[in-house]
Amino acid sequence: MALDDLIEPEAEVLDGTETEASSTGLPEGMNQQQFLYALMNMPNIAEAEFIVKDLPTIAAKVCDEYKIDALSRKPWLDKIGEALKLAMLTAGQKNYPFEGAANVKYPLLTTAALQFNARAYPAIITPDKVVKCRVRGHDPEGRKAARAERVSEHMSDQLLNEMPEWEEDTDRILVMAPIVGSVFRKMWFDPSVKRNRSRLVTADNLVVNYHASSLETAPRITELLRLYPFEIEERIRDQRFSPFDYKDASKGEVDAQLEGDQANKVDTEDESAPHLFYEQHRLLDLDKDGYPEPYIVTVHQGTQEVVRIVANYDQDTVTLAADGSIASIRRQNYFVHYQFMPNPEGGFYALGFGWLLGSTNETINSTLNQLLDAGHQANMQGGLISSVLGIKEKSIKIKRGEFRVVNTTGPLNQAVLPIKFPEPSAVLFNLLGLMIEMGKELASVKDVLTGDSASTAAVGTTLALIEQGLQVFTSIYKRIHRTLKTELQIVARLNSKHVTPEQYAQFFDSQDVDPQADYDSKDMDILPVSDPQSVTKMQKLAKAQLVLDSGKDNPMVNQQEALRRFYEAADVEDIDKLLVPPPEPDPAEEAFLEAVKKLGLQEQVAKINKMIADTLKSVADAEAAEEGTQMSYYDMVMRALQAEHGMEMDINAQQQPQGGPGGLPGVEGAPADPTGMPALPGTGGIDPGTGGAGLAPMGTEPGLGMGGPASAGGAPQGAF
């Protein structure tokens, strides 16, 4: 394949700046930026003419450095093998301290892993939404919020419906991570199915040097791929793999660096058995400038042949110096690392309950089996028999209801000496209980957390115990949440490149949406919908109830949103059908508020409205309770309010219309009192129906008092 065919004329240089062609390894007539751009667009660099002679060297380097990384983590991997046996309750034949001795495995590690999964899985995978977006910066017109809602809806549908393997793998991750400590997931765009795909990668199948600090800075990441012959043929036909003779290649390889249970063994007699490939994300200096670039190299282990090389960078990950030369190239990451507990010694691979509870679980197993063996031996009869009994058998076994005849010249009790084994030790039994309790404390597996607690315990006590018991779990769950956030960012990056406008428009049934614009992450954070602070249904409901209760009668809280959050915490379906849509805004009220804002009277209007509302409430209470001397008192209060604030609302008629929808009327007196207060239009006015009628003074004259009919000039009850 010729490199010149892959260069687009409008993008020959990454930043549009010409540079001098290098004399070290670049094809003739091509500068460094053109060369890297050409490699970036090649489906398989291994088929390029300039690299064919270097392929054997590259293959050998991939295999040798893979073995270096595998050896560096071998002690950790051996420990993980033991933890998996404990978690799977593997029990073989045991011949110590005697043949057929007890070999019971206590499920401490298994219970801890199942409890973690049972709490984390429903918290992460919600019924219809797993992604939320948070906008950054000002959003006065709500455009960012609309974008965020579209991205949240689209990605949630992708993960839950378009990628069915994602939810299944998430369930498995939340079982495996507590046991082994490290589990990985790979996210990539698969051109064969034309969609994003995900794959769970176990720790034994993703090899990173144990002393690396993170996936981002590790010099090599090797994934062990096992492909069936038909999958290899598919990749050759769609030109992802270079053609090679794999049919006669050895399939029964055993990795010499990973012997025993972790060896990569394949049945040699099965023609359909998978072949092992090393897919290594590594650095190669293909342009021979002394600075290696990131590539993905795939090597068939049986034939030691390079079958594929692709660039692992794009224009967004290339940084140029001031003179137009390459300053740095960053690797695109397709893996995320789910860590249960960071390695205290700084190793790359994390620790799980297999490390934390392994020795405790082994002690519990040994103690339990010793108690069983002691009970077994105590229940068995044995001892010494004198030869004077004339018994020729080596041992005597008497069945129930049977009498045996023996020849003896003396007392029988003197010819038989039973050997008694002690009963199971009470000390061992107490030790067993202590070890189980210690393990449960570390794993946060308490009776109160598993639903088995004393029914007489006070509610507050139970809640406090649950809160304390979840402390260890909450810290681990935050790590899972942080990794899931990184994973969602990878999905968003893939969507920005591969989701077509047609697909996006079809999903939203609208032509006015653009996936590239929506997935611009410069002003938006993409987050899991799960809350790392609330890991149980009880905690979520309690928080939602707090918001709902505190928002009652509070004008600063959106009542409908508080109610929606409460329903979401309770997993109520079809919430939109339950909630009444908010009313359309009143143009008159909006115009009035705008006028008040322009004139700087917000505080005065709010203060007056509050005072009037309080007074009207008192009037209503007084009318219901008594009609005597209190009415004259409220009349005096109302007149005092009018006298105090009448001048504050005296707005010049030239500045604002006198009335009508949206107008801010000037102060006009009521028919019985020319110094009265103005009526506020809309829902905030004393008498909305009058369109600016004045506030009638209080008095005993019918129709003019606060309690009079609205048609007579009185303010209706509840107008505020």
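Colleague: Which residues does Gln 158 touch, not counting residues up to four places away in sequence?

Modeller: This is a predicted model: local features need pLDDT of at least 70, side-chain atom pairs count only at pLDDT 80 or more, and totals for chains, interfaces and linings use all residues. Residues are numbered from 1 along each chain as its sequence is written, and side-chain values use heavy atoms, with hydrogens and water left out. A contact means heavy atoms within 4.5 Å. Leave out residues up to four places away in sequence, and Gln 158 touches Met 163, Asn 196, Val 491, Asn 495, Val 499 and Tyr 519.

Colleague: Is Gln 158 buried or exposed?

Modeller: Gln 158 lies in helix α5. Helices (H or I, at least four residues) and strands (E, at least two) are DSSP runs, numbered from the N terminus. Buried means under 20% relative accessible area, exposed means over 50%, and partly exposed is in between (1.4 Å probe, protein chains only). The value for Gln 158 is 3%, so this residue is buried.

Colleague: Which side chain makes a polar contact of 2.6 Å with Gln 158?

Modeller: A polar contact is a pair of N or O atoms within 3.5 Å. Within protein, one must be able to donate a hydrogen and the other to accept it, and residues adjacent in sequence count only if both atoms are side-chain atoms. At 2.6 Å, the partner of Gln 158 is Asn 495.

Colleague: How far apart are the end C-alpha atoms of helix α2?

Modeller: Helix α2 has 18 residues, 55–72. The expected span is 1.5 Å times one less than the number of residues. That gives 26 Å, and the model agrees: the end C-alpha atoms are apart by 26 Å.

Colleague: What covers the buried residues of α2?

Modeller: The buried residues of α2 include Leu 55, Ile 58, Val 62 and Tyr 66. One helix among the covering elements is α3 (74–87). The cover also includes the strands β4 (206–207), β5 (221–227), β6 (275–284), β7 (293–300) and β8 (305–311).

Colleague: How long is the salt bridge between Lys 74 and Asp 78, N to O?

Modeller: A salt bridge is a side-chain nitrogen of Lys or Arg within 4 Å of a carboxyl oxygen of Asp or Glu. Both residues lie in helix α3, four residues apart, about one turn. An α-helix has 3.6 residues a turn, so residues three or four places apart point the same way. From N to O, the Lys 74 to Asp 78 distance is 3.3 Å.

Colleague: Which residue pairs with Arg 136 in a salt bridge?

Modeller: Side chains of opposite charge can pair when their charged atoms come close. For Arg 136, the N to O distance is 2.3 Å and the partner is Asp 525. The pair links distant parts of the chain, 389 residues apart: Arg 136 is in the loop between β1 (131–135) and α5 (143–162), and strand β14 (residues 524–528) holds Asp 525.

Colleague: Which residue forms a salt bridge with Arg 147?

Modeller: Arg 147 has a relative accessible area of 13%, so it is buried. Its closest N and O atoms in the bridge are 3.2 Å apart, and the partner is Asp 523. The two are 376 residues apart: Arg 147 is in helix α5, while the loop between α15 (515–518) and β14 holds Asp 523.

Colleague: How many salt bridges are there by this rule?

Modeller: Some share partners: Glu 65, Asp 69, Arg 220 and Arg 282 are joined into one network. By this rule, the count is 21.

Colleague: How much accessible area does the nonpolar patch with Ile 419 have?

Modeller: Ile 419 lies in the loop between β13 (416–418) and α11 (426–443), and its 42% relative accessible area makes it partly exposed. Patches are made of residues with over 30% relative accessible area and no salt bridge; like charges are joined within 9 Å, nonpolar side chains (Val, Leu, Ile, Met, Phe, Trp, Tyr) within 5 Å. Areas come from the Shrake-Rupley method with a 1.4 Å probe, and for residues only the protein chains shown count as cover. Leu 384, Leu 417, Ile 419 and Phe 421 together have about 390 Å².

Colleague: What share of the chain counts as buried?

Modeller: The chain has 21 helices and 14 strands. Of its 720 residues, the buried share is 44%.
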